[in-house]
Amino acid sequence: MRHTRRTLGHILRRTAQAAGLLATLASPALAQSVRGMVLDSASRRPLANAIVIFLDSSGHALSRTLTNDAGQYANVLAPAVHRVQVLRLGYRPRIVALDPSVADRSQFDIVLATIPVLVEGVRVVAAAECPKRADDQAALALMEHARAGLLAIVIAREANPAVLERISYVRTMQETSDRIERQEVYIDSDVNLTKSFQAANTGAEFVRNGFARDSAGHRIVFGPDADILLDDGFINGYCFHIQKADRSREHQVGLGFAAAEHRKGRVEIDGVLWIDTVAKALRDIEFKFVGLNRQLGGPEPGGSVAFREMPNGVVLVDRWHLRLVAQRIDSTYNGSQLNVRQWPFVRETGGEIARASWKDGHTWVNPVGTLKLHLVRRDGTPMKYAIARLEFSDYAGTADANGDLQLSSILPGPYALLVTDTLAATAPITVGARFKFTAVRDSTVSATLAVPTDDFNKDACVKGARSRWTDVRVVTAEGTPATNARWELGHDLQSSARMLLARGKTGGSGVFGFCERLLDESALELLVQQGSNPPESVRRALSGKMTDVLITLPGRP
């Protein structure tokens with residue numbers, strides 16, 4: 001389905017270099033500035049996030065801006081500006097002539113009339129690829145509303161960019177359920193980060209090549225963002241319709257979209273953009289991938305992109321995720337045979353905005369989780385300056401002199417705590433503090449933890465199943481502790497079929513330990529190395545009869 005009124009797509013293309021063009025046309029001697037408000041015609045309520053576009057006599061866009069949370073806008077005018085166009089989701093677009101006598105800093109208010117979503121249609125020309133539907137006119141009308149909201153997101157990045165702190169995650173689910181088995185969380189607070197989520201290609205490229213590509217034997221999939229749904233290339237390759245109402249989405253209407261032509265080998269998306277008809281705001285995009293291999297079973301692969309209006313009126317993409325089904329291969333070794341098992345599981349990647357700030361002083365903080373800890377030793381004394389971090393994440397903090405610390409902006413999900421005792425007698429030692437918790441959105445977990453740093457690893461060693469703690473002491477040829485020696489534990493460590501179970505380095509005492517199942521017969525190997533070119537190296541077969549192991553490095557000739 002193609003529509004003849006390419007208003008927003010036309011504006012998006014023709015204003016790509018608006019800032020540079022305006023600078024060329026408006027010299028300091030000739031430039032004027034204009035300011036004003038955009039108001040609701042009925043209530044006279046200021047309208048935030050309205051798009052104000054300055055046009056020349058031919059209707060070409062010269063510059064554009066957005067109204068702030070108070071409905072205000074301001075802009076420097078080029079002499080060529082003759083008209084002002086105003087767009088906002090849920091309101092009738094309006095173009096008004098700009099009086100050439102407008103003086104510097106003059107007030108130029110514009111009122112917009114609200115219109116019910118789906119009432120006003122546009123002229124359409126049905127494309128051969130899209131079947132004719134009874135809701136064609138309504139779908140195109142809704143698309144014009146949606147594109148006004150999407151364009152506002154794009155302009156906000158230009159006119160009032162935010163500095164973002166972004167949280168990204170990778171989740172592995174328990175098989176194909178919604179229960180999180182493990183998650184890795186990363187925090188990106190680059191001062192140059194101004195865009196939360198960005199599609200990898202243009203709309204036309206996605207239509208031509210699909211939403212997936214193969215790289216180094218792996219398939220990489222992509223999701224759409226605001227720019228893609230604004231792209232004429234995407235619109236010309238997809239069909240649109242009014243989505244069936246969803247009872248869980250009160251006051252929302254959906255603009256559904258699907259590829260106009262299904263092509264073998266190309267991964268496409270079927271999706272819905274949901275719009276709140278009362279708040280006159282974008283809510284989210286839900287989509288599923290069409291053409292991905294479904295032989296693994298499990299839920300349909302897909303994702304979502306969510307929108308949020310900030311306190312200053314700017315709309316940002318604040319959450320996004322992709323959900324795919326992968327194949328897990330697990331191998332176990334029973335001492336004589338390697339057993340391999342395969343089954344499907346869900347892997348989810350995504351992210352959220354943790355914090356956004358603007359030059360005008362506005363700040364928004366995502367109400368995610370917080371962890372407050374009071375760390376003490378076994379005798380109850382504070383663990384001064386201990387470092388606490390959440391496993392498989394960038395969340396970390398240092399306790400004060402009272403053993404207190406706080407971790408903020410914690411993404412919902414399960415975590416395990418690791419504590420590094422920086423004041424240990426020999427060297428800093430990191431232990432798991434026997435503390436696991438699930439972070440919940442907009443909530444705080446508080447805990448006092450007695451961290452048994454001295455004997456934690458021994459105490460935590462799994463009982464039963466013939467597992468036991470084994471102490472290993474590494475010394476030099478002279479009998480002194482071998483510090484910073486590298487060790488590996490596993491099967492066949494010097495063959496191409498090696499299976500590594502654990503690795504680490506010795507501390508100042510040359511001592512380390514491990515908790516592992518040892519059989520009476522030789523089942524595991526321990527490899528210890530120090531130095532290089534070539535390293536001093538010892539390989540030792542271990543058995544269940546060993547509880548203390550002494551490794552003496554050979555020394556250099």
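Student: Which residue lies over the face of Phe 392?

Tutor: A charge sits over a ring if NZ of Lys or CZ of Arg is within 6 Å of the ring centre and within 35 degrees of the ring normal. Here Arg 182 lies over the face of Phe 392, at 3.6 Å from the ring centre. Lys 280 is placed over the face of Tyr 91, at 5.8 Å from the ring centre. This is a predicted model, where local features need pLDDT of at least 70 and side-chain atom pairs count only at pLDDT 80 or more. Side-chain values use heavy atoms, without hydrogens and water.

Student: How many aromatic pairs does a search of the whole structure find?

Tutor: A pair of aromatic rings is described by the distance of the centres and the angle of the planes. Rings of Phe, Tyr and Trp (its six-membered ring) pair if their centres lie within 6.5 Å; planes under 30 degrees apart count as stacked, over 60 as edge-to-face and the rest as tilted. The search finds 11 aromatic pairs. In one of them, Phe 234 and Tyr 238 have ring centres 4.3 Å apart and planes at 20°, so they are stacked. Phe 435 and Phe 437 also form a stacked pair, with 5.6 Å centre to centre and 20° between the planes.

Student: Is Phe 234 buried or exposed?

Tutor: Buried means under 20% relative accessible area, exposed over 50%, partly exposed in between (1.4 Å probe, protein chains only). Phe 234 has 0% relative accessibility, so it counts as buried. Tyr 238 is buried at 2%, Phe 435 is buried at 15%, and Phe 437 is buried at 8%.

Methods:
Residues are numbered from 1 along each chain as its sequence is written.
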